[in-house]
Amino acid sequence: MHTPVLINEVISLLSPRPGAVYIDGTLGAGGHSRAILEASAPDGIVLGFDWDDRAVDVAAEKLAPFGERVRLIRRSYAEMDSVVDEMGFSGGVDGILLDLGLSSMQLSDPGRGFSFKTGGLLDMRMSRSLSVSAAELVNRLPEKELADLIYRFGDERRSRAIARAIVNARARGPVETAEKLADIVLRSGRRRGRWQIHPATRTFQALRIAVNDELSNLEKGLAAGRSLLAPGGVLAVISFHSLEDRIVKRAFREWSAGDGDFVRLVKKPITPSDDEVFRNPRARSARLRAVKRMEE
Ligand SMILES: C[S@@+](CC[C@H](N)C(=O)[O-])C[C@H]1O[C@@H](n2cnc3c(N)ncnc32)[C@H](O)[C@@H]1O
């Protein structure tokens, strides 16, 4: 199961109240949604989005006790503005949470190929609506495009050597599993000193970001969230790597600059305590930022 990250901090920023409407753009296992529903009892509403059907099924079970107070939507949070419009919530919403990246359920599912630790086919699609898998990128992209992708989305200095090794390997047969890709990346360089992280970590991150178009979804999600927030409403985002955090930081800075109609609730990102990281290592790289639309 997935343990929600920075849960007390998120609740304190959103300060959910009865009668208000919240969007959880990334339901996952529903941990944050549950806390929002509890804090906004007896009649606060959560519109929960996840584009992974399996996540929605898990969240549906967990949130069933809240009945009509929860609406589950199997779509990308990037589309939340049009979905919320279609649902008839015309007065805007009072709070929005985006808890980016993968859930522990996705990471540990060997069928999905997100991790070289669990193996499995190199799929990495979070949603069935996505058409291109990681295996297709790895086996089809020209060497230069593959190197650029690994450099840009993985911040990987060895991107060219890794792309070359992949192209050499796939000439002998398709690279179809997470284990095989991890092995190719591992063998593409000489080991120098102790590893801080597994040599394939950045390559896997890059492929995942590309397959799920994560950065442009985040840009669209932020814009959609901005248009939906009612006066006094809060948008909180938890990111897990610097590419995401940079996008959030820039957007919030721009919205709150000059006569902007937002204020930043945190100037420096909130990070988890040592105790939280000890209990939940996945929280390690989490950074929470939030803005509030000014009251009229
Ligand atoms: C870190 S988990 C969220 C965990 C959740 N906050 C909890 O407490 O259980 C991220 C979730 O966001 C979903 N997700 C990622 N990108 C998405 C997108 N563009 N639209 C909808 N859901 C997305 C993933 O499928 C995953 O289930």
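Residues are numbered from 1 along each chain, as its sequence is written. Because the model is predicted, local features need pLDDT of at least 70 and side-chain atom pairs count only at pLDDT 80 or more, whereas totals for chains, interfaces and linings use all residues.

The protein is divided into domain 1, comprising 7-105 + 214-293, and domain 2, comprising 131-211, with bounds that come from an automatic or database domain assignment. The centres of domain 1 and domain 2, taken over C-alpha atoms, are separated by 31 Å.

An open sheet is formed by seven strands in the order β3-β2-β1-β4-β5-β7-β6, with mixed pairing. At its edges stand β3 (70-73) and β6 (262-264), each of which pairs on one side only. Neighbouring strands of this sheet are turned against each other by 15 degrees on average, direction ignored. Here strands (E, at least two residues) and helices (H or I, at least four) are DSSP runs numbered from the N terminus, and two strands pair if DSSP finds at least two bridges between them.

Within this sheet, strand β1 (residues 21-24) runs parallel to β4 and is joined to it by three bridges, with Tyr-22 standing opposite Gly-95 in β4. β4 also pairs in the parallel sense with strand β5 (residues 229-239), over six bridges; in β5, Val-237 is the bridge partner of Leu-98, and Ile-238 that of Asp-99.

Strand β4 is mostly covered, seven of its seven residues being buried, where a residue is buried if 20 or more other C-beta atoms lie within 10 Å of its own, exposed if 12 or fewer, and partly exposed in between, with C-beta atoms placed from the backbone. Ile-96, which lies in strand β4 (residues 93-99), is buried, with 29 other C-beta atoms within 10 Å. Leaving aside its neighbours within four places in sequence, Ile-96 is in contact (C-beta atoms, placed from the backbone, within 7 Å) with Ile-23, Gly-25, Gly-225, Leu-228, Leu-229 and Leu-235. Ile-96 and Ala-236 are 140 residues apart in sequence, yet their C-alpha atoms are 6.2 Å apart in space.

The axes of helix α4 (residues 80-87) and α11 come within 8 Å and cross at roughly 40 degrees, axes being lines fitted to C-alpha atoms, for helices over the stretch in contact, and angles running from 0 to 180 degrees between N-to-C directions. In this pair, Met-80, Asp-81 and Val-84 of α4 meet Gly-221, Ala-224, Gly-225, Ser-227 and Leu-228 of α11. By class, the contact of α4 with α11 has four nonpolar, three polar and one charged residues; Ala, Val, Leu, Ile, Met, Phe, Trp, Tyr, Cys and Pro count as nonpolar, Asp, Glu, Lys and Arg as charged, and the others, Gly among them, as polar.

Helix α10 (residues 201-211) is largely enclosed by the rest of the structure, because 10 of its 11 residues are buried. The buried residues of α10, including Arg-202, Phe-204 and Val-211, pack against α6 (134-140), α7 (143-154), α8 (159-170), α9 (178-187) and α11 (214-228). Just after α10, Asp-213 takes a positive phi of about 50 degrees.

The ligand is surrounded by 22 residues, the closest being Pro-4, Thr-26, Gly-28, Gly-31 and Asp-52; a residue is near a molecule if its C-beta atom, placed from the backbone, lies within 6 Å of it. The residues of this shell divide into nine nonpolar, 10 polar and three charged.

Note on methods:
Contact = placed C-beta atoms within 7 Å.
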